Amino acid sequence: MAPTLFPTITHWGAYSAEVLDGRVVGMRPFAGDADPSPIGAGMPQALDDAVRIRQPMVRAGYLEHGPGHGEGRGREPFVPVSWPRALDLLATEIGRVKRRHGNAAIFAGSYGWASAGRFHHAQSQLHRFFNLLGGYTGSLDSYSYAAGEVVIPHVLGPFQQILVEHTSWSAIARHGQLVVAFGGLPLRNAQVSNGGPGAHVQRDGMREARDRGVRFVNLSPLRDDVADFLDAEWLAARPNTDVAVMLGLAHTLYVDGLHDPAFLTRYCTGIDRFLPYLTGAVDGRPKDADWAAAISEIPAATIRALARRMAAQRTTIALSWSLTRGDHGEQPYWMGLTLAAMLGQIGLPGGGIGFGYSSVNSVGAHTDRMTWPSLEQGVNAVREPIPVARIADMLLNPGGAYDYNGRRRAYPDVKLVYWAGGNPFHHHQDLNRLVRAWRRPDTVVCNEAWWNGLARHSDIVLPATTTLERNDFSGSSREAYLFAMHRAVPPIGEARNDHDIFTGLAQRLGVAERFTEGRTEADWLRHLYDRGRQRAAEREVAMPGFDEFWKDGCFRLPTPSAHQIMFSDFRADPEGNPLKTPSGRIEIFSERIAGFGYADCPGHPVWLEPAEWLGGAGAARHPLHLVSCQPEHRLHSQYDNGGYSRSGKVQGREAVWLNPTDAAARGIADGDVVRLHNDRGACLAGAVVTDKVRRCVVRLPTGAWYDPDETGLCRHGNPNVLTLDKGTSSLAQGPSAQTCLVQVERWQGPVPKVRAFEPPPILAPAK
Ligand SMILES: Nc1nc2c(c(=O)[nH]1)N[C@H]1C(S)=C(S)[C@@H](COP(=O)(O)OP(=O)(O)OC[C@H]3O[C@@H](n4cnc5c(=O)[nH]c(N)nc54)[C@H](O)[C@@H]3O)O[C@H]1N2
Ligand SMILES: Nc1nc2c(c(=O)[nH]1)N[C@H]1C(S)=C(S)[C@@H](COP(=O)(O)OP(=O)(O)OC[C@H]3O[C@@H](n4cnc5c(=O)[nH]c(N)nc54)[C@H](O)[C@@H]3O)O[C@H]1N2
Ligand SMILES: [Mo]
């Protein structure tokens, strides 16, 4: 029998769910996608597996004693309860916290990628709900590139807008000669785009560039951070030393007279404040290629030759988002920009700078775009969000003061944490510290589909549906497609849509009418779609009516005729098209940032030693730098329980790459179980010995479901038990995950079983 097909889209691409006898048996890639992602294959098996949450659950101690007693979180069994009981319990608690402590005591920042879909977007639903109740403490910026999105607006312009205005790969192919990629251009990451890519375009974009003669340099600890077919030159610098390499390149340009003074004068401010630092006039230390070589371990001659080549050719400096996720992560973006400004090619076709080519599918894609309507969240009356990655700091230091982007602020005293659509036990650094912080609030709630780390560390667990169990449609402001998302199967167990969960709470708290506006799911989809259609019409793009769209399954915006060249308008007329910076120009020196007076982010880009790195004191005890990159076989922690993600494991554990020299020195062979550790924590992983990773670096991707034993050892290989929980600087307070030293040893003795894909202990249902 042929399966019935239901169109849908995920953050990793568009598919049709194949349904036979009421079960999803496969995910057939969208025919219009030339390079579909295999990640979809992991979905069917996970849909109703053993770790699916089928009923509302309450932590046993919480059910017995009420709010508080947070030390039981993550340790006690759960008790199944009925939906009415769970919602009554939670509504009462929300009311209590609001009355006793005020809305700022409710944290609903709830960072995370959730699922594609305009209506069933977990965070939008959560925020809409709490805004109707008087607000919540939210979160600012992202884990992806917080340091970049805070520094770049001061010195170049609004970061989100820049991301969609990137020079197309097709223009690089036609006009470019050289791409120097700091952090590489990993194709594995281009599988993904927030809101869902209709067609994957990075592979073709890069291949066209290579075919037309563009050369690539991969400045990264991993050789395969660029595709094989690019034949890239690999410069494996020590992690977190990019700024030193960039300074060395800039110094060579300057002393050789290869920089572009006319560009610096016309389009930039502050080069005169930066040069004395570069030449060493201020500190007696020229930032020359020899200086950079000592820090980065890239030979000085290589740095000098590369600088000359960059000046001689049409060059794009590509900066991966990962560079922002290290201590002082503001600096690589600011210094990369300064280097590009010295080359003077910004605004020319195929030259200049890029932030995140191939970090996701959309950057550099040659597509038209539109900002599609989303569920209205209303206005948050609590006006002090926290920088997103300061969650553990917030919970550990209620009332504590901190700096952020020129402001002095204080953390709220949070009593209730509500998460929907993200997994802090995936994304946050130093999970042992998070576990301690997590004990503090009175109540922790989540809407989740699976027993992952978040659900296990919650008091009230409300089972959420997944994309395949509801109707929706997608549309990303960075992608060209809109997709219908048809419900393929009924909800698993008693799972409910986030919208229905919040409707149930809203009824109990007297705001149901305002929350639903009297609309059903079908009404909402039509309503949101019609607003999008109207917006398109204003731009003279004709869209079909909703019914036709729903039947067709997708709509594609027309392909633009002209290649996009970022900053070409600014280059053509800097007075007429100034940048949205204080000076209207590129700010190599920023008076505004200098005015903040931060030692960890002064007025121009500088090399600052990271808290941990191979050249630092900590390397004596922990001599390996941990790179926790994005996982190839899944998105973050999503569908780690599915077959595709599990096919990438070694002995059932996340695979850790070690260089042959480092492995041999430790008696580690391919396939061994190893233990990674530092002063913050430890985890097991399965060794892959490969020369694709630089010496003294280990690579353990993110996303293995957190699986601590009684001692805190993660049996499964979640790198965040090891990473550093420190703000990038007083400016952005972003995450510093890529700044992390570890030691690795072969695991001796019996290998503990991985428990991540078994549910926690569950008691008999409550009466
Ligand atoms: N060490 C280290 N850590 C990192 C990074 C790193 O490079 N190194 N990268 C960071 C980055 S860039 C990011 S973006 C973060 C990602 O961190 P997250 O975005 O938090 O990770 P996800 O696994 O995508 O979490 C999404 C969760 O939402 C749930 N979910 C999906 N759909 C729905 C829904 O419709 N409703 C509800 N209620 N839940 C749903 C999923 O089951 C999953 O648990 O991780 C960060 N952490
Ligand atoms: N398959 C898949 N794709 C994804 C995701 C996923 O979970 N799975 N997540 C998506 C998300 S949310 C984001 S934000 C993007 C992130 O996109 P990126 O930030 O580009 O991705 P990463 O894999 O974290 O890092 C890319 C590479 O940077 C290198 N690197 C690490 N530290 C340093 C350093 O100090 N210097 C240099 N030069 N290189 C360094 C590592 O070798 C790593 O492989 O990926 C997106 N794409
Ligand atoms: Mo991200």
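Predicted model: local features only at pLDDT ≥ 70, side-chain atom pairs only at ≥ 80, totals over all residues.
Two packed helices are described by the angle between their axes and the distance between the axes. In this model, the pair of interest is helix H4, residues 122–132, and helix H19, residues 498–509. Their axes are 9 Å apart and meet at an angle of about 10°. Angles under 35 degrees count as roughly parallel, and H4 is therefore roughly parallel to H19.

Which residues make this contact? On the side of H4, they are Ala122, Gln125, Leu126 and Phe129. On the side of H19, they are Asp498, His499, Phe502, Leu505, Ala506 and Leu509. Sorted by class, the contact of H4 with H19 comprises seven nonpolar residues, two polar residues and one charged residue.

I turn now to ligand 1. Around this ligand there are 32 residues, and those that come nearest are Ser115, His427, Glu448, Asp498 and Ser637. Asp498 has already been named, as part of the contact that H19 makes with H4.

Histidine 427 has a polar side-chain atom 2.7 Å from an oxygen atom of ligand 1. Glutamine 638 likewise places a polar side-chain atom 2.8 Å from an oxygen atom of ligand 1. For asparagine 720, a side-chain N or O atom is 2.7 Å from a nitrogen atom of the ligand. On its own, ligand 1 has 920 Å² of accessible area, of which the protein covers 97%.

Where in the fold do shell residues of ligand 1 come from? By class, the shell around ligand 1 holds eight nonpolar, 20 polar and four charged residues.

Finally, I come to ligand 2. How many residues surround ligand 2? There are 33, and the closest are Asn189, Asp225, Asp242, Ser322 and Arg325.

A backbone N or O atom of glycine 183 is 3.2 Å from a nitrogen atom of ligand 2. Arginine 634 has a backbone N or O atom 2.8 Å from a nitrogen atom of ligand 2. In the case of histidine 636, a backbone N or O atom lies 2.8 Å from an oxygen atom of the ligand. The protein covers 98% of the 920 Å² of accessible area that ligand 2 has on its own. The shell around ligand 2 consists of 16 nonpolar, 11 polar and six charged residues.

How values were computed:
Residues numbered from 1 in each chain as written. Chains lettered and ligands numbered in written order. Heavy atoms only, no water. Axes fitted to C-alpha atoms, helices over the stretch in contact; angles between N-to-C directions. Helix = DSSP H or I, 4+ residues; strand = E, 2+ residues; numbered from the N terminus. Parallel < 35°, antiparallel > 145°, perpendicular 65-115°, else oblique. Contact = heavy atoms within 4.5 Å. Nonpolar A, V, L, I, M, F, W, Y, C, P; charged D, E, K, R; others polar. Near = heavy atom within 4 Å. Polar contact = N/O pair within 3.5 Å; in protein donor to acceptor, adjacent residues only side chain to side chain. Areas by Shrake-Rupley, 256 points an atom, 1.4 Å probe, with all protein chains shown as cover.
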